[in-house]
Amino acid sequence: MSEEKFVPLAVYLQDQRVAHETTAGGWVRGVYPNAIEYTTSAKSLRGVVFLMGGVGTASICFFVVAQYLVGMYEDVNSAGGLNLTWFEWFVVLPVDVIFLAVGIWALRHFARLEFFLPLDLPILFDRQRRKVYRLVEDLADKGKPKRRGQALVIEHDWDDIVAEHHVSTSTTGSSAQRHHTLVLMVRDKNPGDFQGPITPTNLPPYVDGFALGDGKVLTEFSTPRVWEHVRRYMNENGPALPPGEQLADTSVPVTWWDSLGAVSVFGPGYIQRWRESWGWMLIVHLFSPVLLPLALMMATTNWLSYKTAYPVQWPQEVLDKVGPPVPQTQERAHKSAGKRRA
């Protein structure tokens, strides 16, 4: 049986507009004279993977095992000894061992996805040189970083970039959820026998690819708008920030209280949120018996994620190419002047 080939929902080309409006999704963390820097880390989402995947899976597995252990304890107390049936020996007990192993594996697996990782591995779009730079960890054969704080710079030609809109579906048994991802694929400079226009079913050979933005928050409508912002910036001298949007907040939570404010409406800025949006705050507090315990757990995993993270810096040769950062106030003045000229 042949393996089914993955087909993206859409393919976005550089010479075609795919949306009337643009958005940076709140992921532009730096503006330079002729470059923009995208973050790959969302403050409010750090720790979520470990909480939902690791703690969530482990809690279910350990609950099943605990139920069995409680039953065994009651049997011992009532019968004066352990008296298991053949079904319990050969079916129930092995299943509980499997659940225990899965729970431990989930904690370890999802912890590796969240803890002891770089604070950020940003992506630079340099329109003056028509280059894309991105930082990646310098990993050893077993997947561990060779040296904490040191990363490799991967350089791509902008003209080789083709954007793909990927969609995956996850089900919970009673509902289905679609996840959207914006992936920037890098075309092979030697396409071989590839012919015809690029379409979802006719893709050129690629040599690399990387995600832009966070798939946890992208939607069917925002995904093409994020690409359109980058495309206009690189090809049409578009603004570094879409109108009304600001630079990403890259400050790092220092305390657990800071993490609570990063993942929920509680924490620092609580009073200010009431003043700015009292209606939304009222709705949230109506559901606080459910939302507050979740916020407390998210704040804990978020804080642990940041406490174990380490910074990674761009090499000086890359910083020399893009120049010094442009203050946000100067960027706003530049956009206003462009509107007046228009």
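This is a predicted model: local features need pLDDT of at least 70, side-chain atom pairs count only at pLDDT 80 or more; totals for chains, interfaces and linings use all residues.
User: How do I check the length of H3 against what it should span?

Analyst: The expected span is 1.5 Å times one less than the number of residues. H3 covers residues 222-235, which is 14 residues, so it should span 20 Å. Its end C-alpha atoms are 20 Å apart, which agrees.

User: How many residues of H3 are buried?

Analyst: Buried means under 20% relative accessible area, exposed means over 50%, and partly exposed lies in between (1.4 Å probe, protein chains only). In H3, 12 of the 14 residues are buried, so the helix is mostly covered. Among them are Trp227, Glu228, His229, Arg231 and Arg232. Arg225 is partly exposed, at 33% relative accessibility.

User: What does the side chain of Arg225 meet?

Analyst: Side chains of opposite charge can pair when their charged atoms come close. The rule for a salt bridge is a side-chain nitrogen of Lys or Arg within 4 Å of a carboxyl oxygen of Asp or Glu. Arg225 and Glu21 form one, at 3.9 Å from N to O. Arg225 is in H3 and Glu21 is in the loop between strand E1 (10-12) and strand E2 (28-32), so the pair ties together parts that are 204 residues apart in sequence.

User: How many salt bridges does the rule give?

Analyst: The count comes to 17. One of them joins Asp120 to Arg29, with the closest N and O atoms 2.8 Å apart. Asp120 sits in the loop between helix H2 (86-112) and E4, and Arg29 sits in E2, so parts 91 residues apart in sequence are tied together. Asp120 is buried, at 8% relative accessible area. Arg29 is partly exposed, at 29%.

User: Which residues are linked in a network of salt bridges?

Analyst: Lys131, Glu155, Asp157, Asp160, Lys189 and Lys321 are linked this way.

User: On to strands. Which strands pair with E5?

Analyst: Two strands pair if DSSP finds at least two bridges between them. E5 and strand E4 (residues 123-126) pair in the antiparallel sense over 4 bridges. Phe125 stands opposite Val132 in E5. E4 and E5 form a hairpin with 4 residues between them, and Arg130 in the turn has a positive phi of about 55°. E5 is also joined to strand E6 (residues 151-157) by 7 bridges, again antiparallel. There, Glu137 has Ala151 in E6 as its bridge partner.

User: Is E5 largely enclosed or open?

Analyst: E5 (residues 131-137) is largely enclosed by the rest of the structure, because 6 of its 7 residues are buried. Arg134 counts as buried, at 10% relative accessibility. The side chain of Arg134 meets Asp208 in a salt bridge at 2.6 Å, N to O. Arg134 lies in E5 and Asp208 in strand E9 (residues 206-212), so the pair ties together parts 74 residues apart in sequence. Asp208 is partly exposed, at 26%.

User: What makes up the nonpolar surface patch?

Analyst: A patch takes residues with over 30% relative accessible area and no salt bridge; nonpolar side chains (Val, Leu, Ile, Met, Phe, Trp, Tyr) are joined within 5 Å, like charges within 9 Å. Areas come from the Shrake-Rupley method with a 1.4 Å probe, and for residues only the protein chains shown count as cover. Here Trp278, Trp280, Leu282, Ile283, Leu286, Phe287, Val290 and Leu291 make a patch of about 900 Å². Helix H6 (278-286) and helix H7 (288-307) each give two or more residues. H6 gives the most, with 5. Leu286, in H6, is exposed at 62% relative accessible area.

User: Which residues does UniProt list as "transmembrane region"?

Analyst: UniProt positions are given in the numbering used here, feature names are shortened, and annotations may be inferred rather than shown by experiment. The unreviewed entry lists 48-69, 89-107 and 278-299. Residues 48-69 are 100% helix and 0% strand, with end C-alpha atoms 30 Å apart. Residues 278-299 are 95% helix and 0% strand, with end C-alpha atoms 22 Å apart.

User: How far apart in space are Met297 and Val55?

Analyst: They are 9.8 Å apart, C-alpha to C-alpha, and 242 residues apart in sequence. Met297 lies in H7 and is partly exposed, at 41% relative accessibility.

Definitions and conventions: Residues are numbered from 1 along each chain as its sequence is written. Side-chain values use heavy atoms; hydrogens and water are left out.
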